[in-house]
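I opened my notebook to write down what I looked up in this model. Have a look at it with me before reading on.

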Amino acid sequence: MSDTPAYDIVPDHRDGMRVLWDVPIPQDDGVVLRADVFLPEDEGRYPVLLSYGPYAKGLAFQDGYPTAWQTLSEQHPDVAAGSTNQYQNWEVVDPEKWIPHGYAVVRVDSRGCGRSPGVVDHFSARETRDYHDCVEWAGTQPWSDGNVGLSGVSYFGMNQWLVAATQPEHLRAICVWEGASDFYRDASHHGGILSTFWQHWYDKQVKTVQYGLGGRGPRHPVTGLQVCGDDDFTDEEMAANRVDFGGDIRAHPFIDDYHRTRIPDWSRITVPLLSAGNWGGQGLHLRGNVEGFLQAASEQKWLELHGLEHWTTYYTDYGREIQLAFFDHFLKGADNGWDRRPRVQLQVRHVDDTFTERFEDDWPIPRTRWQEMFLDPAARRLSETVPAGGTVEFDAMGNGVTFETSPFTETTEITGPLAARLWVETTAADCDLFLTLKVLDESGRHLAFVGAVDPHAPATQGWLRLSHRALDPARSLPYRPVHRHESADPVEPGVVYEVEVELWPTSLVIPPGHRLALTVGGRDFADPDLPEIRMSNFKNQMRGSGPFLHDDPVDRDPRVLTGRTTLHAGPGRPARLLVPIIPPAS
């Protein structure tokens, strides 16, 4: 990349910043991406915070995601304080909060989205190459000091793992805030079961800001530019410029080259990283944040785990100040103590959705006491001893059966990953298992938590398709089974199969008198007692599992899955839930 800029744009001076609107970034195949660059008023060279994604840099947060913005600004006034909020964008930094600290902020519209032309193909090798070249471009501009950091939530975090593995010369650090890392296991197929989230997301959040909408799309609230480019394409031209993302995912039910392209090479991620996950992020991101932290080859890496909504903590003073300390250290060389910080920062969750901050040395927490809780089919209990043998059966596509502990006699913390071992028999050609962990109060009422997207989420969830039961022995651990998902193993009616099911990490401080309850069923968890809750950027009603549903009629073919599922348990088949109990720190 040349040190000479390939553009001549007069800076727009506003709100204490110099802004370069719609800067061109040429790619090696001739496509020209577009970026907005926010700079301090004083001329100089600054470290760069870069984001690259599909949500259109000109679409104001308030206009594109009004439900989320209203909740965020009303419940967390520190987010809007100290900013005009004219430059707020979905899931990326507010430049008005970062420019005063001496950073340059660059927002790039990804290929085919916003004001960047081209074909939309999410997380593809082409898109990752674009991102790599944008990092190198940002590192060589006259306003850049050559140190580039990546920041952003969700999509803007997921693609950080991929581009970091390409090792751009100017990349110094990444901050992955709620960003999945294994596109198959974390995002597209949970336990081998297709998630329909991506098709709905594509329709609601990408097609609506695709390049070529031109005059049919929104306008930038500050510049007046058309958010989705100056070209007005026909519907047919628009369709030709995007892949069938949902169809592509459905066409690849196993981990093959399609998915391998979208899963990073962990051995090549060596930059310092901060991975921030959400306890309520089952269905998307949480697993990836934890696994990214564990698997990346970086010697300097930290994990932070919090609660509340998916987009909230990133924008609050709490989240922003963590990010600032991280980037100040690695992009500016500040001796601010970050390098002496414990590797894990937890917001330990209580049943009233309050949190207690605690730092730990590693993940899982080294002093974890792994407690086996055995399934008792006859009593529908979870107990610390193996029960007498028995079975329980349920409709293979129904709500399933629930096993409860006795009331806890003392305050107990459960923080970490969980896993279940089950013995399963089915009368169907295959069997989908949906595991849901809940907390019940003294009256037996389900205590839901604020999830990353759904406001009434269970403690955690796990999934497995019986034909995907084959484990990867090199990666599996007792508390975190990892399945191969490379082919289907036969399922014969009447045969009892031993399976391991991963439940995503959680954090709970359970008061005396409360219980844990594990439901094993054949469909997505939904609480029928919840009021109708909808959000502006999602299609479905929120009933406990958010938008992360498994209801594709082809993948969940009733002709394959209809039947009866039987769970076996007893001395020869010790079905159990493995639970991480955390004793107080000494």
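**Ground rules.** I am working with a predicted model, where local features need pLDDT of at least 70, side-chain atom pairs count only at pLDDT 80 or more, and totals for chains, interfaces and linings use all residues. Residues are numbered from 1 along each chain as its sequence is written, and side-chain values use heavy atoms, with hydrogens and water left out.

Grid points are joined across faces, edges and corners, and a volume is the space filled by probe spheres set on the points. I found 13 cavities of 30 Å³ or more.

The largest cavity holds about 170 Å³. Its lining has 20 residues, with S154, F197, L284, H285 and H310 nearest the centre. Which helix gives the largest share of this lining? It is α8 (residues 197-206), with four residues. Helices here are DSSP runs (H or I, at least four residues) and strands likewise (E, at least two), numbered from the N terminus.

I then sorted the lining by class: Ala, Val, Leu, Ile, Met, Phe, Trp, Tyr, Cys and Pro count as nonpolar, Asp, Glu, Lys and Arg as charged, and the others, Gly among them, as polar. That gave twelve nonpolar, six polar and two charged residues for the largest cavity.

The second largest cavity has about 110 Å³. Among the residues lining it I noted R185, R287, E502, W463 and W504. Its lining splits into four nonpolar, four polar and three charged residues.

**Pocket.** For open space I used this rule: a pocket is an open set with protein on both sides within 12 Å along at least five of seven lines. The largest pocket has a volume of about 480 Å³. I counted 21 lining residues, and R369, E384, F408, T412 and I581 lie nearest the centre. Strands β14 (369-376), β15 (381-383) and β18 (412-426) each supply at least two of the lining residues. By class, I get eight nonpolar, seven polar and six charged.

Next I checked burial (buried is under 20% relative accessible area, exposed over 50%, partly exposed in between, with a 1.4 Å probe and protein chains only). In α2 (residues 66-75), A68, W69 and L72 are the buried residues. They sit on the same side of α2 because they cover an arc of only 95 degrees around the axis, taken from the directions from the helix axis to the C-beta atoms. E74 and Q75 are exposed on the other side. The buried residues pack against α1 (61-64), α3 (77-80) and α13 (312-315), where contact means heavy atoms within 4.5 Å.

How many residues of α6 (residues 155-164) are buried? Ten of the ten are, so α6 is largely enclosed by the rest of the structure.

**Cysteines.** I searched the whole structure for disulfides (cysteine sulfur atoms within 2.5 Å) and found zero. C228 has its closest cysteine sulfur in C113, at 8.7 Å, which is too far for a bond. C228 is buried at 0% relative accessibility, and C431 is buried at 1%.

**Loop residue.** Last, I looked at D454, in the loop between β19 (432-440) and β20 (460-465). D454 is buried, at 3% relative accessibility. Leaving out residues up to four places away in sequence, D454 touches F449, M542, R543, G544, S545 and G546.

Technical notes: 1 Å grid on protein atoms, 1.4 Å probe; cavity = no way out; pocket = protein on both sides within 12 Å on 5 of 7 lines; lining within 4 Å.
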